[in-house]
Amino acid sequence: NMVKELARPATPAADSGGFSGGWAALYRKLIDAEVKAESAASLINDIRAKCRIEDVKVGETFIATLSEHFPVAGPLTTKIDQPTIVAFVGPTGTGKTTTIAKLAAYYRMQKNLSVSLITADTYRIAAIEQIRTFADIIGIKLQVLFNHDEAETILENCRNDDFVFIDSAGRSQHNADHMGELKRLLAAIKPDETHLVVSATMKQSDLEAAVKTYREFGVNRLLFTKLDETVHVGNILSAAITSRVPVSYFTMGQTVPDDIELAQPERFLRRLWEVSRG
């Protein structure tokens with residue numbers, strides 16, 4: 001069984017995952033980039049079964065083929081007669097508020113769309129002040145949601161906007177009370193899109209645990225921050241492949257609104273490929 005084999009401690013033979021030639025080199029590249037062994041093996045088997053690539057051409061066709069396995073969400077979309085409600089959830093310290101600021105600035109200033117911000121992060125006064133200052137600078141409406149019961153009224157105030165971005169409090173997936181509160185918030189808001197904001201620096205096991213827990217809350221997008229703080233992005237590829245939740249955006253730095261980009265398979269996989277070139 002391939003998966004059992006890969007779970008064993010590394011031996012010289014296991015370095016190539018049981019593959020040979022160009023496939024073994026590709027497997028080692030994926031492992032170097034810190035893609036999970038199981039994900040790397042299943043990807044290669046899948047590509048090999050579908051493509052029948054000659055051994056010498058493995059490297060050339062890798063990125064184009066692998067792109068199909070890396071689900072992306074594409075840009076946010078507007079509706080005709082009502083706002084698109086986008087919620088951002090995730091653990092503390094992943095950069096949710098800064099990410100929301102980048103997206104709001106982009107859609108307001110570069111796309112000239114009407115954006116409203118609602119913050120439900122009432123636990124950190126600094127977070128409210130941070131987002132209020134930002135909202136004032138780019139001239140968009142900010143409302144603070146103290147209680148889920150106010151959601152309907154607050155959303156009604158935004159009915160003429162193109163986008164409503166919801167900033168939720170950072171929550172540990174290990175705290176049942178906090179997660180229950182988040183569930184009630186999302187039930188009251190009924191977002192069109194719920195982005196799980198996670199750091200690219202997270203350990204694979206923590207990332208998988210977060211995705212698993214937050215999926216129960218209707219998360220339908222993964223958004224990765226802090227790509228500038230790590231060279232190994234294999235955990236992102238593994239998370240996207242195993243969860244099949246499409247990736248929406250990447251952020252890399254603090255500058256608003258520049259340090260954010262739409263997730264694009266080829267661009268991301270090139271980043272992964274360059275790093276593992278050794």
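Predicted model: local features only at pLDDT ≥ 70, side-chain atom pairs only at ≥ 80, totals over all residues.
The buried residues of helix 8 are covered by, among others, strand 1 (84–89), helix 7 (151–156), strand 4 (163–167), strand 5 (193–199) and helix 9 (204–215).

**Helix 8**

- Helix 8 runs over residues 176–189, and its 14 residues should span 20 Å at 1.5 Å a residue; the end C-alpha atoms are 20 Å apart, in agreement with that expectation.
- Which residues of helix 8 are buried? They are M179, L182, L185, L186 and I189.
- On the face turned away from the buried side, helix 8 carries the exposed residues A176, D177 and K183.
- Just after helix 8 comes K190, with a positive phi of about 50°.

- Strand 4, one of the elements covering helix 8, is itself mostly covered, with 5 of its 5 residues buried.
- Which way do the residues of strand 4 point? F163, F165 and D167 point one way, while V164 and I166 point the other way, and all are buried.
- Strand 1 pairs with strand 4 in the parallel sense, over 5 bridges.
- Strand 2 (residues 115–119) also pairs with strand 4 in the parallel sense, again over 5 bridges.
- I166 is a handy residue for finding both pairings: A87 stands opposite I166, and I166 is also the bridge partner of I118.

**Helix 9**

- Q204, L207, A210, V211 and Y214 are the buried residues in helix 9.
- Seen down the axis of helix 9, these buried residues fall within an arc of 130°, so they line one face of the helix.
- What do the buried residues of helix 9 pack against? Their partners are strand 1, helix 8, strand 5, strand 6 and helix 10.

**Loop residues to look at**

- K203 sits in the loop between strand 5 and helix 9, and is exposed, with a relative accessible area of 54%.
- The C-alpha atoms of K203 and N235 are separated by 7.5 Å, although the two residues are 32 residues apart along the chain.
- K226 lies in the loop between strand 6 (221–225) and helix 10 (234–243), and has a positive phi of about 60° although it is not a glycine.
- Is K226 buried or partly exposed? At 23% relative accessibility, K226 counts as partly exposed, because buried means under 20%.
- R244 is in the loop between helix 10 and strand 7 (247–251); R244 also is not a glycine, yet has a positive phi of about 60°.
- R244 counts as exposed, at 68% relative accessibility.

**The chain as a whole**

- The chain holds 11 helices and 8 strands.
- Of its 278 residues, 51% count as buried.
- Among the contacts in the chain with a separation of 6 or more, 74% come from residues 24 or more positions apart.
- The chain exposes about 13,400 Å², and carbon and sulfur atoms supply 49% of that area.

**Confidence**

- The mean pLDDT of the chain is 82, and 85% of its residues reach 70 or more.
- Which elements have the lowest and the highest mean pLDDT? Helix 1 (residues 2–7) has the lowest, at 37, and strand 1 has the highest, at 96.
- Over residues 1–13 the pLDDT is below 50, and this stretch has 12 contacts in the model beyond near neighbours in sequence.

Methods. Residues numbered from 1 in each chain as written. Heavy atoms only, no water. Helix = DSSP H or I, 4+ residues; strand = E, 2+ residues; numbered from the N terminus. Expected span 1.5 Å × (residues − 1). Buried < 20%, exposed > 50% of the residue type's maximum accessible area, 1.4 Å probe, protein only. Contact = heavy atoms within 4.5 Å. Pairing = 2+ DSSP bridges. Areas by Shrake-Rupley, 256 points an atom, 1.4 Å probe, with all protein chains shown as cover. pLDDT = per-residue confidence, 0-100. Arc of directions from axis to C-beta.
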